[in-house]
Amino acid sequence: MASQNPAALPIRRNTVLLAATMAVNSAVLQLVAAVSSLTFVLVTGVRGLLGLGPAIFLTASALTSVPAGRMMDRVGRTPVMSVGFVLGAAGCALTALATRVDSTLAVIAGFGLIGAASAVSLLIRTAAGDMYPAARRARGISYVLFGSVFGAILGPTVFSPMFAGKDVKADALTVPWLAAGGISLIALVIVQFVRPDPKRIAELIATPADAEVATLPAAPLREIVRRPGVIPAMLAALASFGVMVSVMNLTGYVVVEHHHHHQSSVFPIIGAHVFGMYALVLVIGAAIDRVGRTPALEVGLVVMALSTIGMLWATSVFSTAVLLLGLGIGWNISFVAATAQMADRTSAAERGKLLGFNDQLAAFLGAGLALLGGYALDAIGVAALAIGATVIVACPILLIARPSTGRTAQEPA
């Protein structure tokens with residue numbers, strides 16, 4: 001089958017729609033990052049396990065990632081994304097109910113559904129990778145992720161006024177969680193207009209060689225993981241995602257309980273973090289396509305390490321926001337490079353499976369780090385969180401730098 005001219009396909013429209021979906025969804029994730037630990041503590045009354053709330057969220061995300069990725073490969077990207085946003089809206093509604101009636105069971109179930117939705121939304125980058133050839137894939141992924149820049153503005157705009165002048169009590173969180181559920185439904189509506197399915201676009205724009213590969217059965221996961229460049233990309237993705245989500249989800253507790261700022265101060269900090277995650281993504285995506293995946297993986301991890309160690313000295317809202325901005329930028333670099341590398345090494349029928357497996361491991365790591373970090377933060381202080389996160393994110397750098405892993409974007413899978 002001859003490949004179709006990409007100009008004849010609605011790739012630009014689909015890219016804009018997926019970016020808008022990311023923008024709306026990132027506003028929900030900001031609320032999760034800002035108040036998930038606090039919500040769990042206020043509803044359950046268990047202070048010693050403040051990391052358990054994010055851990056539930058991340059464990060549910062991990063358990064959903066592989067099935068969601070496999071379903072994307074089987075039925076397409078759009079149907080699975082739609083189900084994810086329905087789960088997110090239901091999870092936010094359950095969490096809102098939990099804050100009203102102080103139900104531990106409801107908050108656990110709500111966090112579980114939101115975590116499952118998060119796993120699906122993270123796989124939107126699979127759809128982004130489908131619509132662009134390898135030489136432009138990092139840029140294509142960056143175009144979609146750029147939508148979250150607007151989410152960095154939307155989150156504080158929507159949620160900060162809901163906390164202004166209010167005491168931090170469980171029932172003060174009811175309306176924000178209900179609003180987050182409504183926002184998830186907006187994302188559900190937007191994604192319905194993504195047509196044709198990005199997986200179909202990947203099949204239509206495939207080169208003759210790609211089309212020949214596509215006729216073969218999808219390789220088993222154990223074989224895909226052994227392909228050159230996959231392990232370095234997964235190492236970077238695991239370390240960067242695990243540290244990023246655990247630090248981000250515990251920041252709200254650090255700012256309110258350790259540095260004694262008001263709860264509303266958390267949202268500008270989380271907004272700065274999300275802005276850092278996506279603001280430079282267009283520049284970063286083009287740079288990764290130009291300089292190669294491996295150098296970008298290393299640079300991203302170094303930037304993250306510098307940001308996490310800086311938490312030893314940051315106490316003000318401004319300094320914390322600057323460090324979270326840097327953490328987001330470092331994650332952005334390593335995340336886009338790792339995603340592009342894994343997409344380069346897979347066909348359209350294998351991509352969701354590999355990215356889902358990677359996301360599963362990363363979410364389990366993030367859940368473990370959130371639990372451990374929450375305990376260490378409560379028992380020892382901010383230094384334990386800062387030093388531990390720095391060590392974890394810096395460890396993979398030497399392994400990634402091995403000469404055998406240094407393939408560029410243009411090299412074939």
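Reader: Is Asn-14 buried or exposed?
Author: In this predicted model, local features need pLDDT of at least 70, side-chain atom pairs count only at pLDDT 80 or more, and totals for chains, interfaces and linings use all residues. Residues are numbered from 1 along each chain as its sequence is written, and side-chain values use heavy atoms, leaving out hydrogens and water. Buried means under 20% relative accessible area, exposed over 50%, and partly exposed in between, with a 1.4 Å probe and protein chains only. Asn-14 has a relative accessible area of 0%, so this residue is buried.

Reader: Which residue has its backbone oxygen 3.2 Å from a polar atom of the Asn-14 side chain?
Author: Asn-14 sits in helix α1, residues 11-44; helices here are DSSP runs (H or I, at least four residues), numbered from the N terminus. Leaving aside residues up to four places away in sequence, Asn-14 touches several others, including Met-131 and Phe-193, where contact means heavy atoms within 4.5 Å. The backbone oxygen at 3.2 Å belongs to Pro-196.

Reader: And Trp-313, is that one buried or exposed?
Author: Trp-313 lies in the loop between α15 (293-309) and α16 (317-344). Its relative accessibility is 64%, so Trp-313 counts as exposed.

Note on methods
Helix = DSSP H or I, 4+ residues; strand = E, 2+ residues; numbered from the N terminus. Polar contact = N/O pair within 3.5 Å; in protein donor to acceptor, adjacent residues only side chain to side chain.
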